[in-house]
Amino acid sequence: MTIPQEIGVEDALRLTLHELQVHQIELESQNEELRRTQSLLDESKLRYFDLYDHAPVGYCSLSQEGIVLEANLAATTLLGLSRHGIIGQKMSQYICDDDQDSYYLFRYRSFKNKLSQTCDVRIEPVVGSKIWVNLVSNLTSNEHEYPMLRVVMTDITERKRMEILLRASAYELEVAKAMAEKASVDKSDLLSSMGHDLRTPLHSIVGYAQLLESSLPALADAQLASLKQVISAGWYLLKLINELLDSASIEAGKASISIQSVSLAPLLLECEVMLQPQAEKRGVIFSNQFSECSCFVLADPIRLKQVICNLLSNAIKYNRKEGVVSLHCVTCPFGFIRLEVSDTGPGLNETQLGQLFQPFHRLGQTNQLEEGTGIGLVVSKRLIEMMDGKIGVQSTVGVGSTFWIELPRTLTNDPSP
């Protein structure tokens with residue numbers, strides 16, 4: 001401080017004293033501000049430690065050697081210790097032996113990679129039983145710039161218990177599935193064995209009945225009528241057995257499918273010719289629109305003929321008297337050809353449609369005068385799907401039904417697919 005020469009000593013002292021007083025007031029003001037700031041910092045620190053201590057998950061800090069430097073109440077509770085009992089202890093002594101490697105790898109990677117790591121380990125509290133905890137790390141440093149690992153500990157015992165239960169349930173489901181599949185194979189084998197054992201005597205019964213029908217002298221009318229019933233029942237049982245064997249072989253994965261290029265027009269004509277006598281017997285007229293169809297599809301010709309004949313037979317059987325059955329082809333998008341078999345029968349309602357393609361549901365029909373096993377559509381659906389195709393139905397009550405199948409189209413008559 002420079003004092004002007006014209007000012008006396010006494011005035012200079014007063015001026016100096018005044019300036020000292022001003023500086024003192026400024027310092028006191030700054031000290032007061034510092035005290036308020038310190039107070040706010042203390043309050044903030046207390047709130048932080050309060051939140052830290054009462055957090056619902058465990059927090060602890062570890063040195064590079066794995067020594068616990070600090071821990072909150074949740075962490076000490078998980079370990080069954082007091083804060084005093086855990087500080088300065090190695091965290092590894094509370095980890096189960098089987099999980100020591102996982103813990104050391106977790107800690108090593110946290111310090112080496114300086115990235116957050118996570119792992120699940122079991123800990124053995126001083127009091128209580130073993131529990132599962134999830135550890136999540138975050139690398140930081142203390143006031144001395146030494147590296148320190150912040151670790152979040154979450155109790156996941158319940159989650160692990162549920163995982164064990166789920167795994168056990170999944171295993172039980174796998175066992176049940178394997179047993180069901182074995183039972184299905186056993187059932188199919190049994191059906192196949194029984195079917196072959198039944199077909200031989202049935203062929204004999206039908207054969208001898210046909211011989212009796214044509215024997216001389218001729219049988220009486222009543223005897224002939226009864227004999228025809230025997231022959232009809234025999235053929236019906238043979239058809240039922242054949243369909244059961246087909247269904248069983250498909251379920252067992254033993255059905256043979258030979259995919260090749262199939263010309264539709266001649267195959268459809270052959271099916272119509274085969275079913276013509278049945279149609280004439282019932283007064284049903286065929287109306288085909290496939291005579292100029294030059295399409296080829298990828299299918300098994302024998303199995304495709306089986307499916308189409310089944311659909312035509314149903315269309316004839318469940319048609320009205322002097323009804324019409326139409327068969328035609330439609331080109332679909334994405335390289336498919338649709339074959340449609342339509343009838344002019346009573347049609348099917350929503351309930352009946354829901355029963356289709358299920359064993360022993362005869363198109364929802366309750367008329368017992370019509371023979372049928374209800375297996376044909378099930379077999380047809382499985383065969384079409386084995387040929388990478390689709391099958392479905394559209395029906396209107398009082399108008400009729402249209403059953404359709406879609407098969408992949410090919411542009412060549414090359415026998416290889």
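## Crossing of helices α8 and α10

Helices α8 and α10 cross with a left-handed sense, where left-handed means that the near helix is turned anticlockwise from the far one by less than a right angle, and right-handed that it is turned clockwise. The axes of α8 (residues 301-317) and α10 (residues 376-386) come within 10 Å and cross at roughly 145 degrees; axes here are lines fitted to C-alpha atoms, for helices over the stretch in contact, with angles running from 0 to 180 degrees between N-to-C directions. Helices (H or I, at least four residues) and strands (E, at least two) are DSSP runs, numbered from the N terminus. On the α8 side the contact (heavy atoms within 4.5 Å) is made by Arg-303, Gln-306, Val-307, Asn-310, Leu-311 and Asn-314, and on the α10 side by Gly-376, Leu-377, Val-379, Ser-380, Leu-383 and Ile-384.

The buried residues of α10 are Gly-376, Leu-377, Val-378, Val-379, Ser-380, Leu-383 and Ile-384, with buried meaning under 20% relative accessible area, exposed over 50%, and partly exposed in between (1.4 Å probe, protein chains only). After α10 comes Asp-388, whose phi is positive, near 60 degrees.

## Basis of the model

This is a predicted model, in which local features need pLDDT of at least 70 and side-chain atom pairs count only at pLDDT 80 or more, while totals for chains, interfaces and linings use all residues. Residues are numbered from 1 along each chain as its sequence is written, and side-chain values use heavy atoms, with hydrogens and water left out.

## The chain as a whole

The protein chain contains 10 helices and 12 strands, and 36% of its 417 residues count as buried. Among the contacts in the chain with a separation of 6 or more, 61% are accounted for by residues 24 or more positions apart. The chain exposes about 25,400 Å², of which carbon and sulfur atoms supply 57%; accessible areas come from the Shrake-Rupley method with a 1.4 Å probe, and for residues only the protein chains shown count as cover.

## Aromatic rings and charges

Rings of Phe, Tyr and Trp (its six-membered ring) pair if their centres lie within 6.5 Å, with planes under 30 degrees apart counted as stacked, over 60 as edge-to-face and the rest as tilted. By this rule the count comes to one aromatic pair, a tilted one formed by Tyr-103 and Tyr-104, with 5.6 Å centre to centre and 55 degrees between the planes. Tyr-103 is buried, at a relative accessible area of 1%, whereas Tyr-104 counts as partly exposed at 38%. Tyr-104 lies in helix α4 (residues 100-113), and its C-alpha is 8.2 Å from that of Ser-92, 12 residues away in sequence.

Two charged ends sit over rings, a term that requires NZ of Lys or CZ of Arg within 6 Å of the ring centre and within 35 degrees of the ring normal. That of Lys-160 sits over the ring of Trp-132, 4.6 Å from its centre, and that of Arg-338 over the ring of Trp-404, 4.1 Å from its centre.

Leu-275, in helix α7 (residues 264-281), counts as buried because its relative accessible area is 8%. Leaving aside residues up to four places away in sequence, Leu-275 touches Phe-286, Cys-309, Leu-312, Ser-313 and Ile-316.
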